[in-house]
Amino acid sequence: MRHLPSRTTRRRVVGSLATALLCAAGLAAPASAAAAPAPPASSAATRDTAGSSSADPGVRLPDGLALTPPMGFNNWNSTHCRAEFDEAMVKGIADIFVEKGLKDAGYQYVNLDDCWALPARDANGKLVPDPKRFPNGIKAVADYVHAKGLKLGIYTSAGTKTCNPAGFPGALGHERSDAQQFAEWGVDYLKYDNCNNQGVDAKQRYITMRDALKAASESVGRPIVYSICEWGENKPWEWAADVGHLWRTTGDISDSWGSMVSIMKQNLPLAKYAGPGRWNDPDMLEVGNGGMSDTEYRTHFSMWSIMAAPLLIGSDLRKATPETYEILGNKEVIAVDQDPLGKQGEVLSTQNGRWVVAKEMKDGSRAVALFNETGTAQSIATTAKAVGLPAADGYTLRDLWQHKSYNTAGAISATVPAHGTVLLRVSADDKWAKNPPAVELGADGAALVEAGKRTTLTSKVTDLGRTAAKNVSVALTGPSGWRLKATSPTTAKSLRTGQSLTTSWSVTAPAGTAPGKYDLTLKSTYRSPQGARAESVLPLTADVVVAPPAGSSALGDLPWITATNGWGPVERNTSNGENVGGDGNPITIGGTVYAKGLGVHADSAVEYYTGGTCEKVTAQVGVDDEKLLKGTVVFEIWADGKKVASTGVLTNAMPAQELSADVTGARLVRLVVTDGGDGNDSDHADWGDATLSC
Ligand code: GLA
C-alpha cells in the first residue's frame, strides 16, 4: 500500500482550509447524528430494533438491511478503470448470475466501482455517466439488472474527487443531490470511498451521506445498502454500526497470496464488532483473477466466509474457469458466510502458521477452518469441545469442499496442504453413526529431493472416528519415472479410535530431473463398519533441489527454492524495480555499486538449499540509493529455521554494512528483510555481493 500515505499527506495539507470552507457552506453533519451512540455489539436488542429505529432520529441503523453479509459482484478487482468496464460487462454479469445459478446461490448485487462517470458535473451540478461506457445511462442498467431480480450498486468518494487520478467527481458537499440522483436511477447499494476527503472528519462525512441516502431512498421507496470504504483508517468498527451496513477494515486487496493473508490477519481480530446489518469488510474477492492457485483461492473464499465477510466477486465471470465457478458457487461454504446468527468466526489458536478459526452457527453447529499459512503440509487440530460443542458420544463432521460427512469421537484434525484450508461444519447430532469414521492422512519428509538420491517419507493414517476404520490401505503416487516404494506395511485390517497405520516410503527422483516443484499424492482408502467405502487424499509437493557447488558462489546467480517480496519480484544482480522482473537498477548503497547480489523489497525472504555442505554467507547490505533518503529495513540470515545473524535498523543515510553468518551443516539458508517496524514504504533492500561458501 504505497499510495495510501501520499493520499494521507495530501489530505493533511489541504484539510483545515477545506474544513473551514465546508463549515462556512453549512455542510457539517447535524450534531445529533454525529453524536449518535453505536448500538451495543452483538446484543439481542440490536437485532430486535431492526426496522423500528426511526423512532430515534439520531439512530438510523440497523434498519433491517444487510441482515446477512452482502453478496454480489464488483468490477474493480478485474478491470480497474480499463475500457472493458462498461454496460456490456455489467449486463453480462447479471445474465451469468441468473444462467449459472449464482443468483440462486445468493449473489444479488451487481456493483459499479470507480470510473463510471465523466470527470465534470453538468451545468446543474449533476453527475454524468460516461457515455462511452454507459451510453444508455445508469437507470437503463439498473432497469436491466432489476428485471433479472438482481440489484445495482454504485460508487463514489466521500471527498471532492474519487480515487482515480483522472479525477471523477466525489460527493463531498454534494451528498443530498448525488444520493437523490442514485436513488432516482434505482441504485440499491452505495460504496462510499475515502479519497480526496479534504481532511474533514470521517465520521461526519459518512454520517452526512447516511442521512442523505436515507432521505433519498425514502423519497423513491427503495432501500439502499451503505458500504463505508475508509480503509479502516479511523477504526470504523468502533463507530459505524449505526452509520453503514458494512465498513472496509483494511487497505486495498490485490491478487496475491501475501496481500490476501495480510488482509485476513487484520480483519480476524475484529470479530466482536460484526453482526446482522453491521459487517467488517476485508475487501472484495480476488478468486479467479489468476494471481493465486485454486488451493489459495479456496482458502480466500473459506476464510472470507468464516469471517462473515461480504462476498463480492471480483473476477470477470465472462472469462471464468470451471474451477472459479466451483469455488464461488459452493453453497455449503456460502451458508457459513450467510448464517443468520451473523457471527464472525474467531481465532481459537494460531501457531507457526497453523490456524484454527471457529464460527458459531444458528443451528448450534460450528464452522471450523483449519488454515495452513505455511509452504508445506501441516497437521492442524482442535476438538469438538474447544470449538464450543456440547459433550456427545459422536459428532458429524462435514467437509464443505469435499461435500462428504464423517463421524468423529471429538477430534477435529487434518493434515492440510500448503496454503490450503480444510473447512468443516461440525455438529453434535444423533446421526453421526451413519457416516464413516473421519481419518487424518498425514505425511512427513521428502519435501526436498536431490535427483538420483534416495529420501524417505513417512505416511500416517489415524482413525478420528467413534467407529473403527476397516480395510485401511495407503498408496503414494508421483511423476512417471519416480521410484516410490513402501518399506513397511501399507494396509491394516482395522484401526480403532486414535489408532494409526504408519508407513515408510523411499522416494527417488530420476537422475537428471530438472529442479522445481513436483506433485506427489498420498491416498488412503478404508471402509466403515457397515462397509461403506471412504477415502482421504493428501496432495504433497516435492522440491527437486541441487546442492550448491563447492567453493564460493554468488547468491545472485544460484537457484533459490522460494522467494517472497513486498513489491514485485526479487531481482538477481540489480535493485528491486517494484513491478516486473528485470526492471531494477545497478545495486547501489552509499554510492558504491555492486555487480552481484539480490535486490529485494521488504518484507522479503529468499530461501536456498544448502544441503548441509556449506559454511558461510557474507554480504554488503543496505537500503538502495534509488530511494534517496527513504526506506528503513533490518537484514537477517536464518539457517534451518534459526536466526544466525542480523543487522539493526538500517536507513538510507547509512553506508553498506558487512553481514556474515556461520551456516555450517544447514540444509536451508534464508535471507530475510523486514520493514524495520515502520511499514514497508520505500524499503528497497540490497544484498550486495551476497556470497555462499561451501
Ligand atoms: C480505492 C478503494 C478501492 C477502489 C478504488 C477505485 O482504492 O479502496 O476499492 O474502489 O479506490 O479508485
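Buried here means under 20% relative accessible area, exposed means over 50%, and partly exposed falls in between (1.4 Å probe, protein chains only). The model is predicted, so local features need pLDDT of at least 70 and side-chain atom pairs count only at pLDDT 80 or more, while totals for chains, interfaces and linings use all residues. Residues are numbered from 1 along each chain as its sequence is written, and side-chain values use heavy atoms, with hydrogens and water left out.

**View A. Ala 492 in its strand.** Ala 492 sits in strand S22 (residues 491–495); strands are DSSP runs (E, at least two residues), numbered from the N terminus. Its relative accessibility is 18%, so Ala 492 counts as buried. From the C-alpha atom of Ala 492 to that of Asp 193 is 60 Å, and the two are 299 residues apart along the chain.

**View B. Aspartates around the ligand.** Asp 113, Asp 114, Lys 191, Asp 193 and Asp 252 come nearest among the 13 residues around the ligand, where a residue counts if one of its heavy atoms lies within 4 Å. A polar side-chain atom of Asp 114 is 2.8 Å from a ligand oxygen. For Asp 193, a side-chain N or O atom is 2.8 Å from an oxygen atom of the ligand, and for Asp 252 that kind of distance is 2.5 Å. On its own the ligand exposes 310 Å², and the protein buries 98% of that (Shrake-Rupley areas, 1.4 Å probe). Sorted by class, the shell has five nonpolar, one polar and seven charged residues; Ala, Val, Leu, Ile, Met, Phe, Trp, Tyr, Cys and Pro count as nonpolar, Asp, Glu, Lys and Arg as charged, and the others, Gly among them, as polar.

**View C. The largest cavity.** This cavity holds about 80 Å³. Of its 13 lining residues, Tyr 189, Lys 191, Ser 227, Met 284 and Leu 312 are closest to the centre. On a 1 Å grid over the protein atoms alone, a cavity is a set of points where a 1.4 Å probe fits but cannot get out, and lining residues have an atom within 4 Å of a point. The volume is the space filled by probe spheres set on the points, which are joined across faces, edges and corners.

View D. Most residues other than glycine have a negative phi, and most peptide bonds are trans. Lys 235, not a glycine, has a positive phi of about 45° and is partly exposed at 43% relative accessible area. Ser 682 has phi near 60° and is buried at 1%. A cis peptide bond, omega about -5°, joins Ala 602 and Asp 603.

Methods
On a 1 Å grid over the protein atoms alone, a cavity is a set of points where a 1.4 Å probe fits but cannot get out, and a pocket is an open set with protein on both sides within 12 Å along at least five of seven lines; lining residues have an atom within 4 Å of a point. A polar contact is a pair of N or O atoms within 3.5 Å; within protein, one must be able to donate a hydrogen and the other to accept it, and residues adjacent in sequence count only if both atoms are side-chain atoms. Helices (H or I, at least four residues) and strands (E, at least two) are DSSP runs, numbered from the N terminus.
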